[in-house]
Amino acid sequence: MTPLDPRSQILLKTLIERYIAEGQPVGSRALSRYSGLELSPATVRNVMSDLEEMGFIASPHTSAGRIPTPLGYRVFVDSLLTVQPLETARVQALKGQLMPDQPQRLLNSASQLLSGLTQFAGVVVAPRKEAVRIRQLEFISLSETRILLIIVTTAGDVQNRILLTRRAYSSSELSNAASYLNEHFAGLSFEEIRQRVQDELKQLRSDMTELMTAAVEAGSEAAEETATNYVISGETNLLDVEDLSSNMSRLRELFKLFEQKTGLMQLLDLSNRAQGVQIFIGGESGLAPLDGCSVVTAPYEADGRVVGSVGVIGPTRMAYDRVIPIVDITARLLSSALSANH
């Protein structure tokens with residue numbers, strides 16, 4: 001990326017700050033007024049034209065002004081932004097809202113705190129649970145091709161899954177299949193079972209293979225759902241964000257992404273492996289529904305070990321100088337509350 005000279009940096013910073021504050025394309029006259037530089041509008045126009053050529057700003061068709069591109073935001077966030085830390089009194093007030101009495105309530109509070117302070121969606125990834133291990137499996141026939149799989153874990157949780165099969169199974173076949181799985185695989189996680197089942201099923205009667213495989217797949221899915229979870233608050237705040245609400249089909253895609261969880265989980269998992277605050281702008285997330293959004297995340301710890309992450313999802317036109325310290329301090333407060341709780 002071409003390094004920008006100081007004059008271009010100041011004008012780009014001013015343009016992005018004005019655009020974040022007002023939501024309108026910024027013209028050269030406004031820039032010469034707000035930048036503090038003694039430049040004529042003609043000189044400002046030349047610099048703007050260079051910045052546009054480099055891909056940092058763009059001109060909407062209807063206006064003489066310019067708006068930042070995702071690349072412009074990226075340069076702004078990485079090298080031009082001045083972040084103000086939160087005042088001590090504010091931090092103490094936030095600390096009072098994150099009481100370490102119940103871990104799950106703590107995560108809900110952190111998520112609500114993030115959405116309340118930023119007026120965007122706040123998300124907290126819960127610490128990953130230990131792998132689910134099975135104590136017992138049971139099959140119950142519901143109809144000719146529908147079978148209820150009951151999973152009892154070593155932790156005492158019970159999960160039900162419906163399996164769709166190509167043929168009917170007699171109650172003795174179901175009972176034999178359950179006995180086989182319980183005898184050979186009790187105490188193992190579904191990941192371990194899946195690896196062993198591949199080899200062992202080859203030696204079984206092929207007509208039982210379908211049922212066993214379906215059971216292991218369904219069990220793996222159930223285990224995956226309980227292994228990691230996240231709490232999201234304030235999604236409806238995004239309906240009030242003009243930049244997002246003007247495109248309802250994209251907003252629908254975004255809400256679908258929140259429901260499905262998998263894609264967002266992968267993105268937030270990246271944050272767990274990073275140091276400090278991470279910012280994904282628009283397409284950088286790799287998730288199409290987030291093209292018009294930015295995700296600001298930070299990992300949190302329990303007793304010195306990273307166990308999850310917190311984040312804010314909002315439009316690319318957000319006040320990063322406000323949102324970044326809020327995400328950062330929430331991650332730190334959550335870390336100290338969880339560590340105190342252990």
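Modeller: Buried residues, meaning those under 20% relative accessible area with a 1.4 Å probe and protein chains only, make up 47% of the 342 residues in the chain. By the same definition, exposed is over 50% and partly exposed is in between. This is a predicted model, in which local features need pLDDT of at least 70 and side-chain atom pairs count only at pLDDT 80 or more, while totals for chains, interfaces and linings use all residues. Residues are numbered from 1 along each chain as its sequence is written, and side-chain values use heavy atoms, with hydrogens and water left out.

Biologist: How many helices and strands does the chain have?

Modeller: There are 13 helices and 10 strands.

Biologist: Is the chain a compact globule or more spread out?

Modeller: The chain is more spread out than a compact globule, because its radius of gyration is 26 Å, well over the 20 Å that the globule rule gives for 342 residues. The radius is taken over C-alpha atoms, and the rule is 2.2 Å times the number of residues to the power 0.38. The C-alpha trace spans about 90 × 45 × 35 Å along its principal axes.

Biologist: Let us turn to strand E3. Are its residues buried or exposed?

Modeller: Strand E3 (residues 121–125) is mostly covered, with 5 of its 5 residues buried. Ala 121, Val 123 and Val 125 point one way, whereas Gly 122 and Val 124 point the other way.

Biologist: Why do they point in two directions?

Modeller: In a regular strand the side chains alternate between the two faces of the sheet.

Biologist: Which strands pair with E3?

Modeller: E3 pairs with strand E10 (residues 305–315) in the antiparallel sense over 4 bridges; two strands pair if DSSP finds at least two bridges between them. Ala 121 stands opposite Ile 313 in E10. Strand E7 (residues 230–233) also runs antiparallel to E3 and is joined to it by 4 bridges, and Val 231 in E7 is the bridge partner of Val 124.

Biologist: Now for charges. How many salt bridges are there?

Modeller: The count comes to 10 salt bridges, each being a side-chain nitrogen of Lys or Arg within 4 Å of a carboxyl oxygen of Asp or Glu. One of them joins Arg 74 and Asp 78 at 2.8 Å, N to O.

Biologist: Where do Arg 74 and Asp 78 lie, and is each buried or exposed?

Modeller: Both lie in helix H4 (residues 70–80), 4 residues apart, which is about one turn of the helix. Arg 74 counts as buried at 16% relative accessibility, whereas Asp 78 counts as exposed at 53%. Together with Glu 284, Arg 74 and Asp 78 are linked in a network of salt bridges.

Biologist: What about Glu 22?

Modeller: Glu 22 forms a salt bridge with Arg 18, and their closest N and O atoms are 2.4 Å apart. Both residues lie in helix H1 (residues 6–22). Glu 22 is partly exposed, with a relative accessible area of 43%.

Biologist: Finally, where does Leu 142 lie?

Modeller: Leu 142 lies in the loop between strand E4 (134–141) and strand E5 (146–153). At a relative accessible area of 42%, Leu 142 is partly exposed.

Methods
Helix = DSSP H or I, 4+ residues; strand = E, 2+ residues; numbered from the N terminus.
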